[in-house]
Amino acid sequence: MISVVMPAYNAEEYISDAIESILHQTFTQFEFIIADDSSTDHTASIIHEYMQQDDRIRYIRCEERSAGGTRNVAIQHAQYPYIALMDADDIAYPNRLQVQYEAAQQSPDVVVWGCYMQRITPDGLPMNRVNVGPTSPDAFHALDRTQELISLYGTVAFFRRDIFIKAGQFNPEMQVAEDSELWDRMAHYGEVIVLPQVLQDYRQHAQSLSVAKLANERKYHSFIKARFAKQQAGSDLTLAEYSQQYDRISRFEHWSRNMRGLSQSLGRQAMIDFARKHYFAGIF
């Protein structure tokens, strides 16, 4: 029924927890495709140990060097009509696949299902919950997508494989926000809905919050909204065209973007410190 797809790169520290969380799902009719993107640590050997225990696991070695590209390769090998995405450092709750599959059966016009998540520190301490995204068809259609993205984290996405192929798969040009860009294209074929239920732990790493990455994320988010506005007006916009416009800015605007990125990065790292009860570091 379901192909669970998980890219992995040098994930030896957390991948066992991620694999265990999928193997112990209440919904059992799935294949588990783990795409190893040229890991140099013990990731591959850990995966092969689990393959000896459970024949639902399939291992793929690839050299895409991007989350979107690796997911594309894995989904091309998928056998089943539904795809459930998973990251190699997250932990799915036991009923995640069951809840999302049943929701898909009840509302076949929805093309992507997400859910709420519990954000945790790298060492597993609880932080805040991620409660974002349209939770009903009415909420989805009410979105002004020229001002607001479809908020749904890729690590908990559950979608129809046929619509994924029709929409053109993940765009390998997108360095970040590749999931948001894909949902924007898949939304041409149906609704994108987030289940208002926490079904997964999302591991927040401080190193993933670099100022440069957050700045790129804002750029790509702006592109997605600008492209949708163009499409509403009957034209289109490529990433290359938008990049030319976006990069022509004053020194003040460049400084302002960097300050916003720095503020966002430090704020998220402070949340990790507070969760660990490192209050002085968090306040600093």
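This is a predicted model: local features need pLDDT of at least 70, side-chain atom pairs count only at pLDDT 80 or more; totals for chains, interfaces and linings use all residues.
Trainee: Which parts does the Glu-181 and Arg-227 pair tie together?
Mentor: Glu-181 sits in helix α7 and Arg-227 in helix α8, so parts 46 residues apart in sequence are tied together. Helices here are DSSP runs of H or I with at least four residues; strands are E runs of at least two.

Trainee: Which other partner does Arg-227 have?
Mentor: Asp-184, with the closest N and O atoms 3.1 Å apart. Arg-227 is in α8 and Asp-184 in α7, so this pair ties together parts that are 43 residues apart. Both Arg-227 and Asp-184 are buried, and so is Glu-181. There's a network of salt bridges too, linking Arg-145, Glu-181, Asp-184, Arg-185 and Arg-227.

Trainee: How many salt bridges turn up in the whole structure?
Mentor: The search finds 12. One of them joins Glu-178 and Arg-71 at 3.9 Å, N to O. Glu-178 belongs to α7 and Arg-71 to α3 (residues 67-76), so the parts tied together are 107 residues apart in sequence.

Trainee: Why is Glu-178 called buried?
Mentor: Buried means under 20% relative accessible area, with exposed over 50% and partly exposed in between (1.4 Å probe, protein chains only). Glu-178 comes in at 11%, so it counts as buried. Arg-71, at 3%, gets that label as well.

Trainee: Where do the buried residues of α1 pack?
Mentor: In α1 (residues 15-23), the buried ones are Ile-15, Ala-18, Ile-19, Ser-21, Ile-22 and Leu-23. They pack against β1, β2, α2, β3 and β5, where contact means heavy atoms within 4.5 Å.

Trainee: What lines the largest cavity?
Mentor: Its lining has Arg-145, Glu-148, Leu-149, Ile-150, Ser-180, Asp-184, Ile-224, Lys-225 and Phe-228. Helices α7 (178-186) and α8 (211-232) each give two or more of the lining residues, and α8 has the largest share, 3 residues. A cavity is a set of points, on a 1 Å grid over the protein atoms alone, where a 1.4 Å probe fits but cannot get out; lining residues have an atom within 4 Å of a point.

Conventions:
Residues are numbered from 1 along each chain as its sequence is written. Side-chain values use heavy atoms; hydrogens and water are left out. On a 1 Å grid over the protein atoms alone, a cavity is a set of points where a 1.4 Å probe fits but cannot get out, and a pocket is an open set with protein on both sides within 12 Å along at least five of seven lines; lining residues have an atom within 4 Å of a point. A salt bridge is a side-chain nitrogen of Lys or Arg within 4 Å of a carboxyl oxygen of Asp or Glu.
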